[in-house]
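Good morning, and thank you for coming. Please look at the sequence and the structure together while I speak.

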Amino acid sequence: EYAVNRFLSSQGFNVPRIIYVNPKERLIFQEYVEGENLMNMIKKVCSSSEEEPNLASVIRQVGREIAKAHKLDVALGDCKPENIIIAQDGRVFFVDLEQAERNGDQAWDIAELLYYSGHYASLGSVKVAQTIAGEFIEGYFEAGGKTENVKKAKSSRYVKVFSFFTPPHILLAISSICREKIEGKKAEK
């Protein structure tokens with residue numbers, strides 16, 4: 001966690017500042033990041049009838065930031081929405097980097113973010129899940145994210161892991177958006 005935190009920080013990523021490390025006792029203390037986690041933002045949109053115009057741009061920015069990490073061959077490892085903090089000034093912070101690693105499973109980052117978001121979005125509508133998936137993938141591709149990672153994330157290997165808590169119609173909607181965005185990307189070439 002310490003090594004990836006320091007590496008990402010040195011590359012301009014927003015991560016919590018390390019305050020204290022004791023490798024012998026396997027302790028790491030990090031600063032508290034002020035802001036709202038992405039999970040709460042998604043839940044808020046799903047529990048109200050109002051649309052949150054900011055959510056789409058935030059999700060797109062999260063997609064860009066994850067693509068930038070992937071371009072450095074870093075997989076974040078635990079990319080649930082609650083591990084992404086949006087600061088008041090709009091900066092995206094990645095917290096809980098304990099499972100992050102170089103040359104890790106980048107498709108897992110995408111699958112975890114999208115299908116966990118789908119779990120929370122299932123409280124609202126399919127449209128919310130589709131918007132989240134679409135905006136995330138657009139941002140991911142804008143920042144140079146690999147089509148292959150999105151293709152893997154929509155595969156049954158990843159979908160079945162989330163089938164225990166994300167409803168099937170939401171999983172299908174997210175997977176369909178992944179497919180549409182991949183096809184759109186191919187058509188651009």
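**Two loop residues**

Let me begin with D73, which sits in the loop between α3 (53–71) and β4 (74–75). Helices (H or I, at least four residues) and strands (E, at least two) are DSSP runs, numbered from the N terminus. What you see is a predicted model, in which local features need pLDDT of at least 70 and side-chain atom pairs count only at pLDDT 80 or more, while totals for chains, interfaces and linings use all residues. Residues are numbered from 1 along each chain as its sequence is written, and side-chain values use heavy atoms, with hydrogens and water left out.

D73 is not a glycine, yet its phi is positive, at about 65°. Most residues other than glycine have a negative phi. With a relative accessibility of 33%, D73 counts as partly exposed. The terms are these: buried means under 20% relative accessible area, exposed means over 50%, and partly exposed lies in between (1.4 Å probe, protein chains only).

R26 is another non-glycine residue with a positive phi, near 55°. Its place is in the loop between β1 (18–22) and β2 (27–30). Why does R26 count as exposed? The reason is its relative accessibility of 77%.

**Two strand residues**

Next, please find N37 in strand β3 (residues 36–37). N37 counts as buried because its relative accessibility is 14%. A polar atom of the N37 side chain lies 3.1 Å from the backbone nitrogen of M39. For a polar contact, two N or O atoms must be within 3.5 Å; within protein, one must be able to donate a hydrogen and the other to accept it, and residues adjacent in sequence count only if both atoms are side-chain atoms. Not counting residues up to four places away in sequence, N37 touches P81, E82, I84 and I85. Contact here means heavy atoms within 4.5 Å.

V92 belongs to strand β6 (residues 92–94). Its relative accessibility is 3%, so V92 counts as buried. Which residues does V92 contact, leaving aside its neighbours within four places in sequence? They are N14, Q61, V62, E65, I84, I85 and I86. V62 is 30 residues from V92 in sequence, while the C-alpha atoms of the two are 6.6 Å apart in space.

**Aromatic rings**

I turn now to the rings. A pair of aromatic rings is described by the distance of the centres and the angle of the planes. Rings of Phe, Tyr and Trp (its six-membered ring) pair if their centres lie within 6.5 Å; planes under 30 degrees apart count as stacked, over 60 as edge-to-face and the rest as tilted.

How many aromatic pairs does the structure hold? There are nine. One of them joins Y116 and F162, an edge-to-face pair with 5.8 Å between the centres and 75° between the planes. This pair links distant parts of the chain, with Y116 in helix α4 (residues 106–121) and F162 in helix α7 (residues 156–162), 46 residues apart. Y116 counts as buried at 18% relative accessibility, and F162 is buried with a relative accessible area of 2%. The rings of Y140 and F141 have centres 6.3 Å apart and planes at 50°, so this pair is tilted. Both Y140 and F141 are buried.

Ring pairs also link W108, Y115, Y116, Y158, F162 and F165 into a cluster.

**Helices that cross**

Axes are lines fitted to C-alpha atoms, for helices over the stretch in contact, and angles run from 0 to 180 degrees between N-to-C directions. A crossing is left-handed if the near helix is turned anticlockwise from the far one by less than a right angle, and right-handed if clockwise.

Helix α2 (residues 38–47) and α4 have axes that come within 9 Å and cross at roughly 35°. Is their crossing left-handed or right-handed? The crossing of α2 and α4 is right-handed. The contact is made by L38, M39, I42, K43 and C46 of α2 together with L113, S117, Y120 and A121 of α4.

The axes of helix α5 (residues 126–142) and helix α8 (residues 168–188) come within 9 Å, crossing at roughly 30°. The crossing of α5 and α8 is right-handed. Residues in this contact include A133, G134 and F141 of α5 and A173, I174 and I177 of α8.

S176 lies in helix α8, and at 16% relative accessibility S176 counts as buried. Thank you for your attention.
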